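Welcome, and thanks for taking a look.

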Amino acid sequence: MTKTRLLLIEDDFDVAEMLVTYFDAHEYEVYHADTGEMGIEMARFKYPQVILLDVVMPDIDGYETCRRLRQTSLTRY
């Protein structure tokens, strides 16, 4: 059985660690990005099926990250 690929875009280390541990224990293949820009790049190469996105981040906020993901055909859906 293949695992569901999940991309977590979260800048808070403690929150990210907790979520990665939780989803890993539930058989997800978890990728983590610290910034919106890094998350966009990872989404283009890892093809996640689910993206958990923080709203408040240091480089670009979650809303802008989501807009950019929606503008690219690889990450639109």
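A surface patch here is built from residues with over 30% relative accessible area and no salt bridge, and nonpolar side chains such as Val and Tyr are joined within 5 Å. Keep in mind that this is a predicted model. With that in hand, Val 55, Val 56 and Tyr 63 make up a nonpolar surface patch, and together they have about 310 Å² of accessible area.

**Surface patches**
- Tyr 63, one of the nonpolar patch members, sits in helix 3.
- The relative accessible area of Tyr 63 is 53%, so this residue counts as exposed.
- A patch of negative charge also lies on the surface, where Asp 11, Asp 12, Asp 14, Glu 17, Asp 34 and Asp 59 gather.
- Asp 11 belongs to the loop that runs between strand 1 (4-9) and helix 1 (13-25).
- With 34% relative accessibility, Asp 11 is partly exposed, because that class covers values between the 20% limit for buried and the 50% limit for exposed.

**Along helix 3**
- Thr 65 is part of helix 3, which spans residues 62-71.
- Thr 65 has a relative accessible area of 0% and is therefore buried.
- A polar atom of the Thr 65 side chain is 3.0 Å from the backbone oxygen of Asp 61.
- Gln 71 is also placed in helix 3, and its relative accessibility of 62% makes Gln 71 exposed.

**Across the model**
- Gln 71 and Val 15 are 56 residues apart along the chain, and 28 Å separates their C-alpha atoms.

Notes
Residues are numbered from 1 along each chain as its sequence is written. This is a predicted model: local features need pLDDT of at least 70, side-chain atom pairs count only at pLDDT 80 or more; totals for chains, interfaces and linings use all residues. Side-chain values use heavy atoms; hydrogens and water are left out. Patches are made of residues with over 30% relative accessible area and no salt bridge: like charges are joined within 9 Å, nonpolar side chains (Val, Leu, Ile, Met, Phe, Trp, Tyr) within 5 Å. Accessible areas come from the Shrake-Rupley method with a 1.4 Å probe; for residues, only the protein chains shown count as cover. A salt bridge is a side-chain nitrogen of Lys or Arg within 4 Å of a carboxyl oxygen of Asp or Glu. Lys and Arg count as positive and Asp and Glu as negative; His and the chain ends are not counted. The place of a charge is taken as NZ of Lys, CZ of Arg, CG of Asp or CD of Glu. Helices (H or I, at least four residues) and strands (E, at least two) are DSSP runs, numbered from the N terminus. Buried means under 20% relative accessible area, exposed over 50%, partly exposed in between (1.4 Å probe, protein chains only). A polar contact is a pair of N or O atoms within 3.5 Å; within protein, one must be able to donate a hydrogen and the other to accept it, and residues adjacent in sequence count only if both atoms are side-chain atoms.
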